[in-house]
Amino acid sequence: METYPNADSPIVNVTPPNQRSRWKNLSNDECRSIYSTLLEKSYCGGLTKGMIAKVALEFSISSRTVTRIWKQGKDNEHNTNNRKAGNNGAKRIQVDLTRIREIPLNQRTTLRNMAHSANISKSTLFRLVKSGALKIHSNALKPFLKEEHKRARLKFCLSMLNESTIPDDPTFQGLHNIVHIDEKWFYLKKRSKTYYLLPNEEETSRTCVNKNYIEKVMFLVALARPRFDAQGNETFSGKIGVFPFVTKVPARRNSVNRVVGTLETKPITSITRDIMRSYVLEKVLPAIKMKWPREDINFPIFIQQDNARVHIRSDDQEFRQIATADGFDIRLMCQPANSPDLNVLDLGFFNGIQSLQEKMCSRTVDELVTAVETSFETFPNVKSNHIFLTLQNTMIEIMKVKGCNKYQPPHMKKVVLEHRGQLPIQMKCDHELVQEVIHYLSEM
């Protein structure tokens, strides 16, 4: 068997699979049984001609093994115990993991590169990975953060805490009055896709005119936190809307698909501030007013956006006029710069609806728009609620690393807690951590 110590140990023993014993290793009881049979059939302390071959055939072993057992018993006062006990099998290969630690990371991207740099066989490294002595790590690029960015992230996290709970038991707000908006490109085709085929199934062929210019459409998504009653029934989905940046253009010439003058859906590839402003004023605000729970109209509603230059400014007079009409109080707020992890859309919602959209086959811009809108509506609202809890846990991790973005994504087994009826609505934060962050900001 292959045995491996803890991954923290610098030395690892690896037993090569091609160095297994070809012969059966007899137990002590089997050796004594064979020797007893030889003694019964011996004459005057010796064995007659052909007796060793008969005993070997009876026990299905080689004559050489029978001879060895007979000689061992005669020379050691009838002791035929296995002398290999505790020291048998192939000798394990000693692998020093400190050698791997000294190899630069850019030479550890594949097993082949690491095997060449460490002078270790690729099969040995594969067994180390399989045993857990080595782990596979995916490293993604993250936004560069200056000190002012880190301070802004910490202040933002503190602002999401319920002020009345900070002195004793810091607890995050429910975040039910915040609408997250952001944009994302959705592509008509994916460069590379993975399929599972039967051995005799024909491989599919996908083509495009130029894979560097695959048609795409940008969507503006607005999402709030869903709400549930005490029995777990949904009272508000939180889905404000998904708005494609497209326009209708008449066809300039005839083709096999349409006649000249037919209105075609074309994506808007250049998003300016005026276009973004019109979408917020004419689409997002009316959707919020139409879908927002009637019992919360008199409370402030915040639209959280990032700091992109094309986004509408918070001091826009027309926005304020429309946002405060009909008894509403809708305000704009910006998340910290270079902080996509503080927006639920970038934190997981976009990935969720994109995975659903890629399951549908889209050949035209209209079909792509329909696929994205369908994915938006069918995405489970329970999972949207989970992402908002992940956002609160993410803010806790950000405070632990003093505003940096070098942290492990938090996991709290939300599905298990939900099945038990123990899933919280608001996450609690450690009192000492909050005081430490407040003291850290006061000294900077």
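Visitor: Leaving aside neighbours within four places in sequence, which residues is Gly174 in contact with?
Guide: This is a predicted model. Gly174 is found in the loop between H7 and S3. Leaving aside neighbours within four places in sequence, its contacts are Arg225, Gln392 and Gln426.

Visitor: Is Gly174 buried or exposed?
Guide: Buried means under 20% relative accessible area. Gly174 has 17% relative accessibility, so it counts as buried.

Visitor: How far apart in space are Gly174 and Asn254, C-alpha to C-alpha?
Guide: In sequence, 80 residues separate Gly174 and Asn254. In space, C-alpha to C-alpha, the two are apart by 55 Å.

Visitor: What is phi of Leu175 near, and is Leu175 buried or exposed?
Guide: Leu175 is placed in the loop between H7 and S3. Its relative accessibility is 2%, so Leu175 counts as buried. Most residues other than glycine have a negative phi. Leu175 has a positive phi, near 60 degrees.

Visitor: Where is Asn119, and is it buried or exposed?
Guide: Asn119 is found in the loop between helix H5 (111–118) and helix H6 (122–131). Its phi is positive, near 60 degrees, in a residue other than glycine. Exposed means over 50% relative accessible area. Asn119 has 68% relative accessibility, so it counts as exposed.

Visitor: Which backbone oxygen lies 2.9 Å from a polar atom of the side chain of Gln305?
Guide: Gln305 is found in strand S10 (residues 301–305). Gln305 is buried, with a relative accessible area of 2%. Not counting residues up to four places away in sequence, Gln305 touches several residues, among them Ile181, His311, Ile312 and Leu332. The backbone oxygen at 2.9 Å from its side chain belongs to Ile312.

Visitor: How many aromatic pairs does the structure hold, and why is the pair of Phe236 and Trp292 classed as it is?
Guide: The count of aromatic pairs is six. The ring centres of Phe236 and Trp292 are 5.5 Å apart. Planes over 60 degrees apart count as edge-to-face. The planes of Phe236 and Trp292 stand at 65 degrees, so the pair is edge-to-face.

Visitor: How many residues apart in sequence are the parts tied together by Phe236 and Trp292?
Guide: Both Phe236 and Trp292 are buried. Phe236 lies in strand S6 (residues 234–236), and Trp292 lies in the loop between helix H8 (273–291) and S10. So the pair ties together parts whose separation in sequence is 56 residues.

Visitor: Is the pair of Phe245 and Tyr279 stacked or edge-to-face?
Guide: The ring centres of Phe245 and Tyr279 are 4.3 Å apart. Planes under 30 degrees apart count as stacked. The planes here are at 25 degrees, so the pair is stacked.

Visitor: Where do Phe245 and Tyr279 lie, and how many residues apart?
Guide: Phe245 is buried, with a relative accessible area of 0%. Tyr279 has 8% relative accessibility, so it too counts as buried. The pair links distant parts of the chain. Phe245 is in the loop between strand S7 (239–244) and strand S8 (246–250), Tyr279 is in helix H8, and the separation is 34 residues.

Visitor: What radius of gyration does the protein chain have?
Guide: The C-alpha atoms fill a box of roughly 120 × 70 × 50 Å along the principal axes. A compact globule of 444 residues would have a radius of gyration near 22 Å. The protein chain has 35 Å.

Terms used. Residues numbered from 1 in each chain as written. Heavy atoms only, no water. Helix = DSSP H or I, 4+ residues; strand = E, 2+ residues; numbered from the N terminus. Buried < 20%, exposed > 50% of the residue type's maximum accessible area, 1.4 Å probe, protein only. Polar contact = N/O pair within 3.5 Å; in protein donor to acceptor, adjacent residues only side chain to side chain. Contact = heavy atoms within 4.5 Å. Phe/Tyr/Trp six-rings, centres within 6.5 Å; stacked < 30°, edge-to-face > 60°. Rg over C-alpha atoms; globule rule 2.2 N^0.38 Å.
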